[in-house]
Amino acid sequence: MKTRITELLGIEHPIVQGGMHYVGFAELAAAVSNAGGLGIITGLTQRTPELLAAEIAKCKSLTSKPFGVNLTFLPMVNSPDYPGYIQAIIDGGVTVVETAGNNPSAYMPQLKEAGIKVIHKCTTVRHALKAQDIGCDSVSVDGFECGGHPGEDDIPNMILLPRAADELDIPFIASGGMADARSLVAALAMGAEGMNMGTRFIATQEAPVHQKVKEAIVAATELDTRLVMRPLRNTERVLTNAAVERLLEKERTLGANIKFEDIAPEVAGVYPKVMIDGDLDAGAWSCGMVAGLIHDIPTVKQLIDQIMQDAEQLIKQRLAGLY
Ligand SMILES: Cc1cc2nc3c(=O)[nH]c(=O)nc-3n(C[C@H](O)[C@H](O)[C@H](O)COP(=O)(O)O)c2cc1C
């Protein structure tokens, strides 16, 4: 399958693995790239630019195919060393960067100068148009279904993707709720040039996370996610557990007076405990509604091959057969 995204990124299949905190290590990124998609290392999971440089080098030793690095621009008290991370990406010869969160315009000239393709992940048409204006090569359009941060507008992909298609000139990738060939074909029908998956890639053999995390995703249904931190305008879709229910109770009782410190026990420093130690109830961790469509833990290659094979059947038989 050839689309504007496979051409832009130099990949075989129009499938991208979104950056994921404490999941997007070299092992997973390389497995996705080796299977013909685009794997992405999560920049900020590496505590320093030097550690990111080492992770990039590791990924290069595991694949000769293109892969990307995610840089998430968060509102933080102590801002990470973004210039250092950007330099590590450029020096490491990475060809694609997935930006997310705040506007990446401050770093665009440097990234473009280095010939890096920039995909900005965003949750509104407004932000997608801004990304196009500042020179991004592509956007990942993340619908309300998505695991992680869906923004505050709550527009699901059945509306968001065709809206993006109507407004954008640059190619876009459908993200949020994508799991299989049906997702890919539907995304293409709505004007996307590929799909981005997060939660689905966690439940794979190569994802370097605790087995319990993968099993929790397989066990979960589409009813098991919750939105937390909405009162702080930092909404995150997470898998429910005791800590999440406690957090939601605090949101109900504290109302508009809630501050980050009130919920820090449920959200700060949670990811290593969950992803590495398998302590699933340590706090709130991102997971998409798409968990309801995930029933197995295949290898990344099995997953991607199956998607591409089923997509061909869907398009050539089911859809073509309607005429
Ligand atoms: C556990 C987890 C961690 C994530 N961490 C990040 C992150 O650090 N930066 C980011 O831009 N997106 C992050 N995301 C969002 C994904 O990159 C992707 O956009 C999202 O998972 C797509 O929705 P899906 O889960 O329905 O496929 C995370 C998602 C999950 C499930």
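Predicted model: local features only at pLDDT ≥ 70, side-chain atom pairs only at ≥ 80, totals over all residues.
**α11 and α12**

I started with helix α11 (residues 242–254) and helix α12 (residues 260–267), which pack at about 170° with their axes 9 Å apart. Here an axis is a line fitted to C-alpha atoms, for helices over the stretch in contact, and angles run from 0 to 180 degrees between N-to-C directions. That angle makes α11 roughly antiparallel to α12 (under 35 degrees counts as roughly parallel, over 145 as roughly antiparallel, 65 to 115 as roughly perpendicular, the rest as oblique). The element names follow DSSP runs numbered from the N terminus: helices are H or I with at least four residues, strands are E with at least two.

Who touches whom? I found Ala 243, Arg 246, Leu 247, Lys 250 and Leu 254 of α11 meeting Asp 262, Ile 263 and Glu 266 of α12. Contact means that two C-beta atoms, placed from the backbone, lie within 7 Å. By class I noted 4 nonpolar, no polar and 4 charged residues in this contact. Ala, Val, Leu, Ile, Met, Phe, Trp, Tyr, Cys and Pro count as nonpolar, Asp, Glu, Lys and Arg as charged, and the others, Gly among them, as polar.

Residues are numbered from 1 along each chain as its sequence is written.

**α8 and α14**

Next I looked up helix α8 (residues 181–189), whose axis comes within 8 Å of that of α14 and crosses at roughly 55°. That makes α8 oblique to α14. The crossing is right-handed, which is the term if the near helix is turned clockwise from the far one by less than a right angle, left-handed being anticlockwise. In α8, Ala 181, Arg 182, Leu 184 and Val 185 meet Ile 307, Asp 310, Ala 311, Leu 314 and Ile 315 of α14. I wrote down 7 nonpolar, no polar and 2 charged residues for that contact.

Which residues of α8 are buried? I got Ser 183, Leu 184, Val 185 and Ala 187. Buried means 20 or more other C-beta atoms, placed from the backbone, within 10 Å of the residue's own; 12 or fewer is exposed, and in between is partly exposed. Their cover includes α7 (157–167), β7 (172–175), β8 and α14. Just after α8, Gly 191 has a positive phi of about 110°.

**Gly 177**

I then checked the loop between β7 and α8, where Gly 177 is found. Gly 177 is buried, with 28 other C-beta atoms within 10 Å. Leaving aside neighbours within four places in sequence, its contacts include Ser 183, Gly 288 and Met 289.

**α2**

Just after α2, Gly 36 takes a positive phi of about 100°.

**The ligand**

How many residues surround the ligand? I read 29, the closest being Gly 18, Ala 100, Gly 147, Gly 198 and Gly 288. A residue is near if its C-beta atom, placed from the backbone, lies within 6 Å of the molecule or strand. The elements giving two or more residues to this shell are β3 (67–73), β8 (195–197) and α9 (199–202). By class the shell has 9 nonpolar, 16 polar and 4 charged residues.
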